[in-house]
Amino acid sequence: MAEETGLRQVVETYGNMVYRLALAQTHSGHDADDVFQEVFLRYLRSAPDFREEEHRKAWLLRVTVNCCKKFHTSFWRRHTTALSETIPARTEEEGELLTLLEGLPEKYRAVLHLYYYEGYATGEIAAILGRSPNTVRSQLSRGRALLHDAWKGAEEL
C-alpha cells in the first residue's frame with residue numbers, strides 16, 4: 001500500500017514532465033501514453049531509492065528519452081504510418097512553433113525541449129542524453145538556427 005502511495009505521488013509530481021517530453025519526441029498522444037506507461041512501469045519495477053528529488057527527476061527524464069529511442073526503433077513503429085495528430089496549442093502562434101519543432105530532427109527536438117521547457121543546463125542535458133556538453137551546445141545552436149530559418153520561411157509564405 002505504501003508503495004502504491006509513493007508511486008502515485010511520483011506520477012502526480014513528474015507525470016506532466018514525462019508526458020510532455022514523450023509527446024515532443026513521439027508526436028502522438030497515443031504513443032506518448034505508451035511511453036508514459038512504460039516509464040512508470042520501469043520505475044515501479046526497479047524501485048530506485050534516490051537521495052535527492054533532482055536525481056529522481058533526472059532518472060525519469062533519462063528513462064523517458066531511452067523509451068522514446070526504443071519506440072522509434074521498434075518493429076511496430078518502422079512498419080506503420082502515423083495518423084496526423086497535432087499537439088494542442090494555446091495560441092495560433094504557439095501552434096505554428098510546435099509544428100516547426102516537429103519538423104526538426106529528433107536530436108535537436110530533445111535538446112531544445114529539455115533546455116527551454118524543462119529548464120536544464122547544457123551539462124545536465126548532456127548527462128540525461130548521454131552526450132558530451134559540447135555536443136549539446138552545438139545541437140542547441142544548430143537547432144535554434146534551423147528553427148529560426150523554418151520560422152522565417154513560414155513567415156514568407
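Mentor: A helix axis is a line fitted to the C-alpha atoms over the stretch in contact, and the angle between two axes runs from 0 to 180 degrees between their N-to-C directions. Keep that in mind for the model above, which is predicted.

Trainee: What share of the 157 residues is buried?

Mentor: Of the 157 residues in the protein, 36% are buried. Contacts can be sorted by separation along the chain as well. Take those between residues at least 6 apart in sequence: 65% of them join residues at least 24 apart.

Trainee: Now a pair of helices. At what angle do H6 and H7 pack, and how far apart are their axes?

Mentor: Helix H6 covers residues 106–117 and helix H7 covers residues 122–129. They pack at an angle of about 130 degrees, and their axes are 10 Å apart.

Trainee: Why is that pair called oblique?

Mentor: Angles over 145 degrees count as roughly antiparallel and 65 to 115 as roughly perpendicular, while a value between those ranges counts as oblique. H6 and H7 are therefore oblique to each other. The crossing of H6 past H7 is right-handed.

Trainee: Which residues of H6 and H7 meet?

Mentor: From H6 come Ala110, Val111, Leu114 and Tyr115, and they meet Thr122, Ile125, Ile128 and Leu129 of H7. Sorted by class, the residues in this contact of H6 with H7 are seven nonpolar, one polar and no charged.

Trainee: H7 also packs with H3. At what angle do H3 and H7 pack?

Mentor: Helix H3, residues 53–73, packs with H7 at about 50 degrees, with the axes 8 Å apart. H3 and H7 are therefore oblique to each other, and their crossing is right-handed. On the H3 side the contact is made by Ala58, Leu61, Arg62, Val65 and Lys69, and on the H7 side by Ala127, Ile128 and Leu129. The contact of H3 with H7 has six nonpolar, no polar and two charged residues.

Trainee: How do H2 and H3 cross?

Mentor: Helix H2 spans residues 29–46. The axes of H2 and H3 come within 9 Å and cross at roughly 130 degrees. That angle makes H2 oblique to H3. The crossing of H2 and H3 is right-handed.

Trainee: Which residues of H2 and H3 meet?

Mentor: H2 supplies Asp31, Val35, Glu38, Val39, Phe40, Arg42, Tyr43 and Ser46. They meet Arg56, Trp59, Leu60, Val63, Thr64, Cys67, Cys68, Lys70 and Phe71 of H3. The contact of H2 with H3 divides into 10 nonpolar, two polar and five charged residues.

Trainee: Next, single residues. Does Thr26 count as buried or exposed?

Mentor: The general idea is a cut-off: under 20% relative accessible area is buried and over 50% is exposed. Thr26 has 2% relative accessibility, so Thr26 counts as buried. Thr26 lies in helix H1, residues 2–26.

Trainee: What does Thr26 contact?

Mentor: Leaving out neighbours within four places in sequence, Thr26 is in contact with Asp31, Ala32, Val35, Cys68, Phe71 and His72. Its side chain also reaches the backbone oxygen of Ala22, at 2.8 Å.

Trainee: What does Gln25 touch?

Mentor: Gln25 is in helix H1. At 2% relative accessibility, Gln25 counts as buried. Residues up to four places away in sequence aside, Gln25 touches Cys68, His72, Glu106, Arg109 and Ala110.

Trainee: Is Asn134 buried or exposed?

Mentor: Asn134 has 52% relative accessibility and therefore counts as exposed. Asn134 is found in helix H8, residues 133–156.

Trainee: Where is Asp149 found?

Mentor: Asp149 is found in helix H8. At 53% relative accessibility, Asp149 counts as exposed. Asp149 and Leu100 are 49 residues apart along the chain, and their C-alpha atoms are separated by 9.9 Å.

How values were computed: Residues numbered from 1 in each chain as written. Predicted model: local features only at pLDDT ≥ 70, side-chain atom pairs only at ≥ 80, totals over all residues. Heavy atoms only, no water. Helix = DSSP H or I, 4+ residues; strand = E, 2+ residues; numbered from the N terminus. Buried < 20%, exposed > 50% of the residue type's maximum accessible area, 1.4 Å probe, protein only. Polar contact = N/O pair within 3.5 Å; in protein donor to acceptor, adjacent residues only side chain to side chain. Contact = heavy atoms within 4.5 Å. Parallel < 35°, antiparallel > 145°, perpendicular 65-115°, else oblique. Left-handed = near helix turned anticlockwise from the far one by under 90°. Nonpolar A, V, L, I, M, F, W, Y, C, P; charged D, E, K, R; others polar.
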